[in-house]
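Work through the exercises below with the sequence and the 3D structure beside you, and try each task before you read its solution.

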Amino acid sequence: QNRPDKKGQIKTALMEGTGGVSVFAMLICLQSNIVPIITSSSDEKLSNLSKALGAEGRFHGINYHTHKDWASETLKLTDNKGVDVIINNVGATSIELNLKALAQFGTISLVGFLGGQSEKLPDIVSPILLKSAHLQGLGTKQDHQDLCDFLDEKKISLKVLI
């Protein structure tokens, strides 16, 4: 099966919002030949991000105010395959759309709760089972060391985040 859990097999990633975590993930994608898709509340933010990173034409942006169902837009951009990785810094309030936009065997990394805490959590068990999805938190100490090694190897500058 085509499980994207090894280096080089991840082809697409979705980041929620244009904050520091998403931009950081986008920088990693651009250096790794992973096609980034990023959501934002405005086309202007997406344009400014493109210019700031020198990434014109190298990523897809989705305005989630214009496209309330941004998961469907994500599917269109991926030929209905979905993305291999989602960086979720919104939390439970966007998990249903995450699962809709996720590829078979994809991974959702939960890294924040900008959407606030939801009193009622959506049913995520069935979609996770059907997609054989992987849901994870921030990662291990070794994951963090691997990230630091990658940043050093690729000479990725984080000045745009400061």
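**Exercise 1.** Which residues touch the most other members of the largest nonpolar core, and which element gives the most to this core?

Solution. A nonpolar core is a set of buried Ala, Val, Leu, Ile, Met, Phe, Trp, Tyr and Cys residues joined through side-chain atoms within 4.5 Å, where buried means under 20% relative accessible area, exposed means over 50%, and partly exposed lies in between (1.4 Å probe, protein chains only). Among the 21 residues of the largest such core, Met15, Met26, Ile38 and Leu53 touch the most other members. Two or more residues each come from strand S1 (12-15), helix H1 (20-31), helix H2 (43-53), strand S4 (83-88) and H6, and H1 gives the most, with seven residues. Helices (H or I, at least four residues) and strands (E, at least two) are DSSP runs, numbered from the N terminus.

The model is predicted, so local features need pLDDT of at least 70 and side-chain atom pairs count only at pLDDT 80 or more, while totals for chains, interfaces and linings use all residues. Residues are numbered from 1 along each chain as its sequence is written, and side-chain values use heavy atoms, with hydrogens and water left out.

**Exercise 2.** Is Leu135 buried or partly exposed?

Solution. First find Leu135 in strand S6 (residues 134-136). Leu135 counts as partly exposed because its relative accessible area is 36%. Next, find Ile108, which is 27 residues apart from Leu135 along the chain, although their C-alpha atoms are separated by 4.9 Å.

**Exercise 3.** Locate Asp146 and Leu158, and classify each.

Solution. Asp146 belongs to helix H6 (residues 141-154) and is partly exposed, because its relative accessibility is 39%. Leu158 lies in the segment after H6 and is partly exposed, because its relative accessible area is 32%.
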